[in-house]
Amino acid sequence: MKSFRTIYKNDVKVLREMTCKWITLCPLREYERDGAISLKWKKEYCESELNWRHCKRYQLEEECIPHRDNMMPDGSFADLKMT
Ligand code: SF4
């Protein structure tokens, strides 16, 4: 689910998107649930007001370029040991 922040422009109330649009579908959520990665990526990128735009996963998705599920927002690859 997207979350929004209320801001005012010329006294008009508008809603501004705050999180990445992929936040619920991103494979990183499953890794977080399994404890394979920390919540730092979610906090620093996915839930951020603007930093999700700098996420390598997001950028590749926008270009329809395939990328591995274990690619982190900074472009590094996590060594995941899933059970
Ligand atoms: S990892 Fe990147 S693409 Fe996935 S939800 Fe976070 S900001 Fe969006």
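Biologist: Hi! Leaving aside neighbours within four places in sequence, which residues is Ala 78 in contact with?
Modeller: Hello! With those neighbours set aside, Ala 78 is in contact with Ile 37, Asn 70 and Met 72. Bear in mind that this is a predicted model.

Biologist: How far is Ala 78 from Ala 36, in sequence and in space?
Modeller: The two are 42 residues apart in sequence, and their C-alpha atoms lie 8.9 Å apart.

Biologist: Why does Ala 78 count as partly exposed?
Modeller: Ala 78 has 15 C-beta neighbours inside 10 Å, so it falls in that class. A residue needs 20 or more to be buried, and 12 or fewer to be exposed.

Biologist: Nice. Let's switch to the ligand. How many residues surround it, and which are the closest?
Modeller: The ligand is surrounded by 13 residues, and the closest are Cys 20, Cys 26, Cys 46, Trp 52 and Cys 55. Two elements, helix 2 (40–46) and helix 3 (56–62), each give two or more residues to that shell.

Biologist: Which element gives the most to the shell?
Modeller: That would be helix 3, with three residues.

Biologist: And how does the shell divide by residue type?
Modeller: There are 11 nonpolar residues and two charged ones, with no polar residues in the shell.

Biologist: What about the largest nonpolar core, who's in it?
Modeller: Eight residues form that core: Cys 20, Cys 26, Leu 28, Trp 41, Tyr 45, Cys 46, Trp 52 and Cys 55. Helix 2 is the element that gives the most to this core, with three residues.

Biologist: Cys 55 keeps coming up. What is Cys 55 in contact with, beyond its neighbours within four places in sequence?
Modeller: Cys 55 is in contact with Cys 20, Tyr 45 and Pro 73.

Biologist: Stepping back, in what order do the elements run from the N terminus?
Modeller: The order is β-β-α-α-α, which gives the chain three helices and two strands. Of the 83 residues in the chain, 12% are buried.

Key
Residues numbered from 1 in each chain as written. Predicted model: local features only at pLDDT ≥ 70, side-chain atom pairs only at ≥ 80, totals over all residues. Near = placed C-beta within 6 Å. Helix = DSSP H or I, 4+ residues; strand = E, 2+ residues; numbered from the N terminus. Nonpolar A, V, L, I, M, F, W, Y, C, P; charged D, E, K, R; others polar. Core = buried A, V, L, I, M, F, W, Y, C linked by C-beta atoms within 7 Å. Contact = placed C-beta atoms within 7 Å.
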